[in-house]
Amino acid sequence: QVQLVESGGGLVQAGGSLRLSCAASGSILSISAMSWYRQAPGKQRELVAAITSGGSTNYADSVKGRFSISRENAKNTGYLQMNSLKPDDTAVYSCNVRAVVYVGPTYRAGDYWGQGTQVTVSS
């Protein structure tokens with residue numbers, strides 16, 4: 001139905017930058033929101049940033065002023081620009097998409113996840 005492919009993770013030094021991408025494909029009618037979550041070892045998964053189809057954004061307090069989420073609706077692709085990275089940002093980052101998809105002759109609304117990409121920030 002829907003496939004999500006994340007890219008852009010890697011190893012960077014504190015203060016560096018990374019740009020994550022999330023490309024959605026499949027029988028998609030519309031995407032209402034794209035979000036980025038992260039999960040560090042031993043911790044709960046947390047919402048990092050989200051953006052709606054209309055462009056409204058939301059950020060976790062810990063990343064405000066450092067991260068920026070955006071999307072290209074025509075490409076069903078979202079991005080997370082991460083600047084001034086800190087060791088505490090180290091986690092697996094996953095893309096989540098809320099979408100309406102084609103299922104046979106009708107539609108279905110649901111949420112979909114990518115497999116995640118590792119971000120490691122060293123000091």
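Which residue does a disulfide join to Cys22?

1. In this predicted model, the partner is Cys95, and the disulfide joins Cys22 to Cys95 with an S to S distance of 2.1 Å.

2. As for where the two cysteines sit, Cys22 belongs to strand S3, while Cys95 belongs to strand S9, which covers residues 91-103, so the pair ties together parts of the chain that are 73 residues apart in sequence.

3. On the geometry of the bond, the torsion about the S-S bond of Cys22 and Cys95 is about -80°, and the disulfide is therefore left-handed.

4. Turning to accessibility, where buried means under 20% relative accessible area, Cys22 has a relative accessibility of 0% and so counts as buried. Cys95 is likewise buried, because its relative accessible area is 0%.

5. Strand S3, which carries Cys22, also takes part in an open sheet of four strands, whose order is S1-S3-S8-S7 and whose pairing is antiparallel. The edge strands of this sheet are S1, covering residues 2-7, and S7, covering residues 67-72, and each of them pairs on one side only. From one strand to the next, the twist averages 15°.

6. Within that sheet, the pairing of S1 with S3 can be followed in some detail: strand S3 spans residues 18-26, runs antiparallel to S1, and is joined to S1 by six bridges. As a point to look for in the structure, Val2 stands opposite Gly26, a residue of S3.

Notes. Residues numbered from 1 in each chain as written. Predicted model: local features only at pLDDT ≥ 70, side-chain atom pairs only at ≥ 80, totals over all residues. Heavy atoms only, no water. Pairing = 2+ DSSP bridges. Axes fitted to C-alpha atoms, helices over the stretch in contact; angles between N-to-C directions. Disulfide = S-S within 2.5 Å. Buried < 20%, exposed > 50% of the residue type's maximum accessible area, 1.4 Å probe, protein only.
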